[in-house]
Amino acid sequence: MTATLSAPPAATKFSGKTKLFINNEWCDASDGGTFDTYNPATGEVIAQVAHATPHDVDLAVKAARKALDKGPWSRIDACDRGKLMFKLADLIESNAEELARLEALNCGKTITDSRGDLNGVINTIRYYAGWADKIEGKTVPVRGNFLSYTLRQPVGVVGQIIPWNFPLLMAAWKWGPALACGNTIVMKAAEQTPLSILRVCELALEAGFPPGVINLLNGMGETTGDAMVTHPGIDKIAFTGHVDTAKLITRRAAETLKRTTFELGGKSPNVIFADCDIDQAVAGSFHAIYFHGGQCCTAGSRLFVEESIREEFVAKLAEKAKKRRIGNQLDEQTEQGPQVSQEQLDKILGYVELGQKQGAKLVTGGKRGNDGKGFFVEPTIFDNVKDEMAIATDEIFGPVVSVLSFKDADEMLERANNTQYGLAAAIWTKNIDKAHWYAKHVKAGTVWVNCYHIVDTTTPFGGFKNSGQGRENGEAALDHYTETKTVTVALAKA
């Protein structure tokens with residue numbers, strides 16, 4: 001690639017050292033600490049980012065608590081909360097290209113994918129803005145001369161920790177229901193990708209959100225994140241990331257009995273039956289694993305192909321993989337950008353080496369891409385994979401797919417479910433009975449039939465088993481950001 005990696009206009013605001021966003025003010029970390037954030041296509045530093053200390057976490061929590069308990073946020077009518085959210089969505093839409101370019105620069109995803117994410121961000125904020133004045137209690141018939149009804153009230157101050165693969169979209173998935181329900185927010189962005197959400201905090205300030213409602217901290221999980229999880233002033237933690245981190249959060253949050261919701265990883269079984277439209281299935285399976293360089297929790301990384309079409313299917317998939325254009329994420333023609341970091345690059349290449357040592361056949365890819373510049377990995381296909389191999393059991397989070405063949409549908413289903421994860425699954429077939437059978441019995445929170453990566457704000461998203469607790473998106477997410485209160489009134493006798 002020879003195109004210039006041009007920064008978006010907003011990037012000039014982050015030259016030098018960034019700040020934290022606490023109580024509608026920009027401030028340095030209390031100890032002056034910073035860390036670097038990078039352009040993964042070059043490995044070059046974009047900016048130094050303020051690293052929030054436990055003291056900064058405490059300041060943010062106190063600001064959020066004041067806004068909730070004593071500030072204007074608790075007194076704002078629900079419909080006016082919705083108006084603020086609609087205004088924020090409008091501002092994001094007006095600045096969508098700038099935000100997409102900034103996210104691509106920092107995250108490494110292609111500019112095309114970044115623009116798609118921004119559409120999702122805008123839709124999510126608007127969807128939950130519409131919910132703000134529709135979160136209702138119920139009147140409950142009870143025995144005796146009493147009136148009983150329920151109120152749905154905000155959980156309180158919510159701590160939200162988001163990942164690096166979809167920075168703005170994951171922020172929107174968490175801001176949306178939290179704000180609609182009247183909560184206040186202390187968020188930690190991923191240390192790899194803090195820049196785009198910092199810009200959105202500027203837009204939230206412009207939209208008119210009161211001080212303390214939205215607070216953004218940057219820092220490492222073991223410092224900033226841990227201080228959030230253990231802080232007694234935070235009522236709930238919502239986390240998206242790795243299962244091991246979620247287990248640690250569960251243990252640390254237990255001391256204060258925080259509510260927790262988790263959206264975690266996956267090793268999704270993508271099943272191809274011989275009666276499918278093979279070209280459609282190849283294209284869909286290609287998108288399933290190589291979208292955003294495989295850095296997606298729902299990636300179709302376990303590809304179960306019926307034995308009678310396996311050879312043809314793998315050949316067609318490999319042909320597409322070899323033609324995939326890798327390079328500059330800001331180039332309109334690029335189809336796959338870099339992985340997010342050197343750490344992620346090393347992890348992926350380590351699994352490629354391990355797959356070969358354990359006996360899988362490397363069909364294509366498996367090398368560092370873009371002539372060794374930046375954190376690029378070629379689209380990689382392994383055939384003759386056994387279920388017990390590490391590449392078939394572990395979440396690699398990269399552009400690596402494992403092909404596993406099957407002859408018997410019942411055996412395939414048992415193997416598909418033989419994983420600690422249960423986030424997503426897919427099936428490609430022209431037999432509707434077979435599709436419904438698989439959808440019913442596969443252990444996954446989302447099942448796609450003859451499609452992949454179709455996620456809408458209106459539908460619940462989450463996983464079975466170690467893929468998470470609770471649901472994001474849709475009406476279901478509101479349950480995790482409200483407490484239900486029962487009120488019973490003794491009625492005077494006529």
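## Helix H2 against helix H5

In this predicted model, Arg81, Met85 and Leu88 of helix H2 meet Trp175, Gly176, Leu179 and Ala180 of helix H5, where contact means heavy atoms within 4.5 Å. The residues of this contact divide into five nonpolar, one polar and one charged; Ala, Val, Leu, Ile, Met, Phe, Trp, Tyr, Cys and Pro count as nonpolar, Asp, Glu, Lys and Arg as charged, and the others, Gly among them, as polar. Helices (H or I, at least four residues) and strands (E, at least two) are DSSP runs, numbered from the N terminus.

H2 (residues 78–94) and H5 (residues 167–180) pack at an angle of about 155 degrees, with their axes 10 Å apart; axes are lines fitted to C-alpha atoms, for helices over the stretch in contact, and angles run from 0 to 180 degrees between N-to-C directions. H2 and H5 are therefore roughly antiparallel to each other, given that angles under 35 degrees count as roughly parallel, over 145 as roughly antiparallel, 65 to 115 as roughly perpendicular and the rest as oblique.

Residues are numbered from 1 along each chain as its sequence is written, and side-chain values use heavy atoms, with hydrogens and water left out. Because the model is predicted, local features need pLDDT of at least 70 and side-chain atom pairs count only at pLDDT 80 or more, whereas totals for chains, interfaces and linings use all residues.

## Helix H4 against helix H5

Helix H4 (residues 111–131) also packs with H5, their axes coming within 8 Å and crossing at roughly 5 degrees, and the two helices are therefore roughly parallel to each other. On the H4 side the contact is made by Asp117, Leu118, Gly120, Val121, Thr124, Ile125 and Tyr128, and on the H5 side by Leu168, Leu169, Ala172, Trp173, Gly176, Pro177 and Ala180. These residues divide into ten nonpolar, three polar and one charged.

## Helix H10 and its surroundings

Helix H10 (residues 307–323) has 17 residues and reaches 25 Å from its first C-alpha to its last, close to the 24 Å expected at 1.5 Å a residue, the expected span being 1.5 Å times one less than the number of residues. A kink of about 25 degrees is centred on Phe313, the bend at a residue being the angle between axes fitted to the seven residues ending there and the seven starting there.

Phe313 is also one of the buried residues of H10, which include Ile309, Arg310, Val314 and Leu317; buried means under 20% relative accessible area, exposed over 50%, and partly exposed in between (1.4 Å probe, protein chains only). Among the elements that cover the buried residues of H10 are helix H9 (278–290), strand E13 (302–306) and strand E16 (400–406).

Leu404 lies in strand E16 and is buried, with a relative accessible area of 0%. Leu404 and Phe304 are 100 residues apart in sequence, yet 4.8 Å apart in space, C-alpha to C-alpha. Ser301, in the loop between H9 and E13, is likewise buried, with a relative accessible area of 7%, and its contacts, leaving aside neighbours within four places in sequence, include Val400, Val401 and Ser402.

## Two residues with positive phi

Most residues other than glycine have a negative phi. Lys465, in the loop between strand E18 (446–449) and strand E19 (468–469), has a positive phi near 50 degrees and is partly exposed, with a relative accessible area of 38%. Asn473 has a positive phi of about 70 degrees; Asn473 lies in the loop between E19 and strand E20 (482–490) and is buried, with a relative accessible area of 0%.
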